[in-house]
Amino acid sequence: METANNIGSVAQPSSAPPQVPPAAYSGTLGRHLARRLVEIGVRDVFSVPGDFNLTLLDHLIAEPELNLVGCCNELNAGYAADGYARAKGVGACVVTFTVGGLSVLNAIAGAYSENLPVICIVGGPNSNDYGTNRILHHTIGLPDFSQELRCFQTVTCTQAVVNNLDDAHELIDTAISTALKESKPAYISIGCNLPGIPHPTFARDPVPFYLAPKVSNQLGLEAAVEATADFLNKAVKPVIVAGPKLRVAKAQEAFIELADASGYPVAVMPSGKGMVPEHHPQFIGTYWGAVSTSFCGEIVESADAYVFVGPIFNDYSSVGYSLLIKKEKTIIVQPNRVTIGNGPSLGWVFMADFLSALAKKLKKNSTALENYRRIFVPPGIPLKRVQDEPLRVNVLFKHIQAMLSGDTAVIAETGDSWFNCQKLHLPENCGYEFQMQYGSIGWSVGATLGYAQAAKDKRVIACIGDGSFQVTAQDISTMIRCGQKSIHIPHKQWGLYN
């Protein structure tokens, strides 16, 4: 298992930390939190040290299965945890009280918008300072320690303020469980004096982490499948469109099962790109209204029934709410609800269960796919760049396309990169990530750091405009220190067009 490089000097710049034997950390809150992170799948924690979290960081460093990655600032640490969660399923970052917490807040808000379980851990005030009316440094100068908490309440699904060891065990486990169950970030504040104090609740290694699986309401599931199958089996040219919530529902395999069984053409919403294999024989491209992949929009909008699986209809994905689709022809499948046209809406029906059950009830119908193949014309190949001619974006992306394989992943930054990267055809097992809902510029640099740290079998190709790159460029240095082999392709944000 890899260990941190020079983490001691990052956490305590003035001197190297003392070599404390691992046994000294057992039976403590810090040890429990470290083990819990390992048990849920975290192997790298992105951090920025500060005086409120130094003791906690010592305990994370002492855990042999955790690697502490020091970042250049809190915003990038949060972005890295976001990228890590995309590749690994869950991410974590550690910052210091208020001055660090408010810096990472924007990244956590982005993770919330994208339904990513990120455990945001903050080194909090000394537990003895609560109720004393004291003013602490790194705050806005009021004897009120709740400002940071109140900010995080709007962008996390659960918050735990640990300032007493008696209930620390329960608060930490509940926060982590809630984040994983809801697939949203969690906020955990740990009093700076508590991580190293032994307590009876931490006397033994934690019982292995476990979450009970969610089970659909069987009657609701049967009713939803019956009504949907009746609706679709009467249609002449139905289609399926994948949305971004396929990830949070963990329903990618069930989606392919449905596609194989139905024979319908498969499209993706722009924010769902990368969640459906583009080498699938029924894949027809990105449905994005007026700016859809060539011939994809025509097939989707001319269908007499469309199944949208895990969609988010915002002003970006709907091109200013201009999609030419009709509610009465639409089946909306969300992670825990199915709505059929203007008819019934059935809750506590989970997406993967529903798609698998529906696949067994549909008649094969390839009419819409045959229509697509009849009208499809392959895109032209860009001409070669002439000597001394300015580099055109279509030539640039021709070369990026040639770099893609199952061993690569693409991270697309907000802005032009969204549109240009949508045109890339992803080979089997090629990863693809971007932040369409929140669209925070600079996100891709930190996300590349985190994604590459989690997916060490892939070479990450990040496409980012030069303006966005300036926001978070500092952590290129962290990628180099971690020995990553990512490729950054910055381009003038508004200047490269076909």
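The second largest pocket holds about 1,200 Å³ of space. This is a predicted model: local features need pLDDT of at least 70, side-chain atom pairs count only at pLDDT 80 or more, and totals for chains, interfaces and linings use all residues. Residues are numbered from 1 along each chain as its sequence is written, and side-chain values use heavy atoms, with hydrogens and water left out.

**Second largest pocket**

- A pocket is an open set of points on a 1 Å grid over the protein atoms alone, with protein on both sides within 12 Å along at least five of seven lines.
- Its volume is the space filled by probe spheres set on the points, which are joined across faces, edges and corners.
- The lining (residues with an atom within 4 Å of a point) has 34 residues, of which Thr293, Pro379, Gln422, Lys423 and Leu424 lie nearest the centre.
- Elements giving two or more residues to this lining are β9 (283-286), α14 (393-403) and α15 (416-422).
- Helices (H or I, at least four residues) and strands (E, at least two) are DSSP runs, numbered from the N terminus.
- The largest share, five residues, comes from α14.
- By class, the lining of the second largest pocket has 17 nonpolar, twelve polar and five charged residues.
- Ala, Val, Leu, Ile, Met, Phe, Trp, Tyr, Cys and Pro count as nonpolar, Asp, Glu, Lys and Arg as charged, and the others, Gly among them, as polar.

**Cavities**

- Two cavities of 30 Å³ or more are counted; a cavity is a set of grid points where a 1.4 Å probe fits but cannot get out.
- The largest cavity has a volume of about 130 Å³.
- Its lining has 14 residues, with Ser113, Glu114, Pro244, Ser271 and Ile312 nearest the centre.
- Five of the lining residues of the largest cavity are nonpolar, six polar and three charged.

**Nonpolar cores**

- A nonpolar core is a set of buried Ala, Val, Leu, Ile, Met, Phe, Trp, Tyr and Cys residues joined through side-chain atoms within 4.5 Å.
- Buried means under 20% relative accessible area, exposed over 50%, and partly exposed in between (1.4 Å probe, protein chains only).
- In the largest core, of 35 residues, Leu246, Phe255, Val309, Val333, Phe354 and Leu355 touch the most other members.

**Helix α16**

- Helix α16 covers residues 443-454, and twelve of its twelve residues are buried.
- The expected span is 1.5 Å times one less than the number of residues.

**Single residues**

- Ser189 lies in strand β6 (residues 186-191) and is buried, at 2% relative accessible area.
- Ser189 touches Val122, Gly124, Ala160, Val161 and Val162, not counting residues up to four places away in sequence.
- Most residues other than glycine have a negative phi.
- Asn115 has a positive phi, near 60°, in the loop between α5 (101-113) and β4 (118-124).
- Asn115 is buried, with a relative accessible area of 14%.
- Tyr321 also has a positive phi, of about 60°, and is found in the loop between β10 (306-309) and β11 (330-334).
- Tyr321 counts as exposed, at 60% relative accessibility.

Terms used
Contact means heavy atoms within 4.5 Å.
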